[in-house]
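Dear colleague,

I am handing over the structure below, and after it I set out what was found there. Please read the notes with the structure open beside them.

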Amino acid sequence: MRAARLIRMALLVQSSPGLTADALARELDVSRRTVIRDAQALQEAGVPIRAERGRAGGYRLAPGHRTRLTTLHPTEAETLYLSGLPTALRDLGLSDAADTARLKLSATLLPSLRAAAESSVRRFHLDAPAWFREPLTPELLPELARAVWSDRTVEIAYARPGRDDAVTRLLQPYGLVLKAGVWYVVGRVPDGRDGAWRTYRVDRVTALSPTDDEPFVRDPGFDLTAYWRANAEAFARTLLRTTATLRLTERGLARLPAVADPAGVAEALASASAPDDDGRVTVELPVESEEVAFAQLSELGADVEVLAPEGLRDRFRAHARALAALYGVAPGQR
């Protein structure tokens, strides 16, 4: 356990010179004191690691020194080949580059490790999009990805849900996230009042043009994975801009999580009333729009009655009349 940690620490210092003890402690999930002890152990083992003080200080290896700790274990080789996302690489326009990289890597591995790596490809496949949904490949995604790689500010036109007009924004794109088959871009709006981070669905970006400015300076403290983990639920909630009042059967209430957005369902279940004389409960369900709510709630059939808003209720009335006409059902007929 400690040996593996020492190897990882040496590789971290080699790849990112100047990491502080606190930064290494976070990366290795240990205390600052343990980092100091591990650095001493590496020195005793002949690894010329040293700590430098000052603003530009941190842990570094002696100039010109490189560790010889890069030999892969078979399990590491297997895991490495599982780290790619074929669909995502294709969407980003990087599948050819990834294939070439894998070929180069395979050529450098020992025969036993090459077999271990190739076996993982035959045994595991990651299919990111959800079932029963055609995966979206936004037309502007490759161009936006190039802006992310090159730290280029872009001007985007963004179509807001429920609005006919698109809003124009300057955006410093920090990263891309693939969530359940949908791409999102995370970045900063440099001319925004609060300088806060923003998240946009890439399929709603209708136009994109790089600016002539120099590459923006990235915030070194920004961690895309940590940001997404901390803000994904809050972002999902911001998409739910209106509320539908529903009356549900017991079966409809049980099926609601299968058709509606999880963030909205949690609030709806918390707001559920006691069953009425017919055994139905009334809930307030946050939804993205009336159009989206109609598509989702239609799957519940007669197990849901929309009480509000009136526009959504009208959609279900028209839908019911169309079904009755299609199947030749007269009013009052069962």
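Predicted model: local features only at pLDDT ≥ 70, side-chain atom pairs only at ≥ 80, totals over all residues.

Helix α3 comprises 13 residues, 32-44, and spans 19 Å from its first C-alpha to its last, which is close to the 18 Å expected at 1.5 Å a residue. The buried residues in α3 are Thr34, Val35, Asp38, Ala39, Ala41 and Leu42. When one looks down the axis of α3, its buried residues fall within an arc of 160°, so they line one face of the helix. The partners against which the buried residues of α3 pack are the helices α1 (2-15) and α2 (21-28), together with the strands β1 (49-52) and β2 (58-61). Just after α3 comes glycine 46, which takes a positive phi of about 100°.

Turning to α2, the residues buried there are Ala21, Ala23, Leu24, Ala25 and Leu28, and the elements covering them include α1, α3 and β2. Aspartate 29 follows α2 and has a positive phi, near 60°.

**An open sheet of three strands**

Elsewhere, three strands form an open sheet in the order β9-β8-β10, with antiparallel pairing. Strands β9 (281-287) and β10 (304-308) stand at the edges and have a single partner strand each, so one side of each is left without a neighbour in the sheet. From one strand to the next, the twist averages 35°. Strand β8, residues 242-248, is joined to β9 by seven bridges, and the two run antiparallel; alanine 244 stands opposite leucine 285 in β9.

**Threonine 199**

Is threonine 199 buried or exposed? Its relative accessibility is 13%, and because buried means under 20%, threonine 199 counts as buried. Not counting residues up to four places away in sequence, threonine 199 touches Tyr184, Val185, Val186, Tyr227, Trp228 and Phe235.

Technical notes
Residues numbered from 1 in each chain as written. Heavy atoms only, no water. Buried < 20%, exposed > 50% of the residue type's maximum accessible area, 1.4 Å probe, protein only. Contact = heavy atoms within 4.5 Å. Helix = DSSP H or I, 4+ residues; strand = E, 2+ residues; numbered from the N terminus. Expected span 1.5 Å × (residues − 1). Arc of directions from axis to C-beta. Pairing = 2+ DSSP bridges. Axes fitted to C-alpha atoms, helices over the stretch in contact; angles between N-to-C directions.
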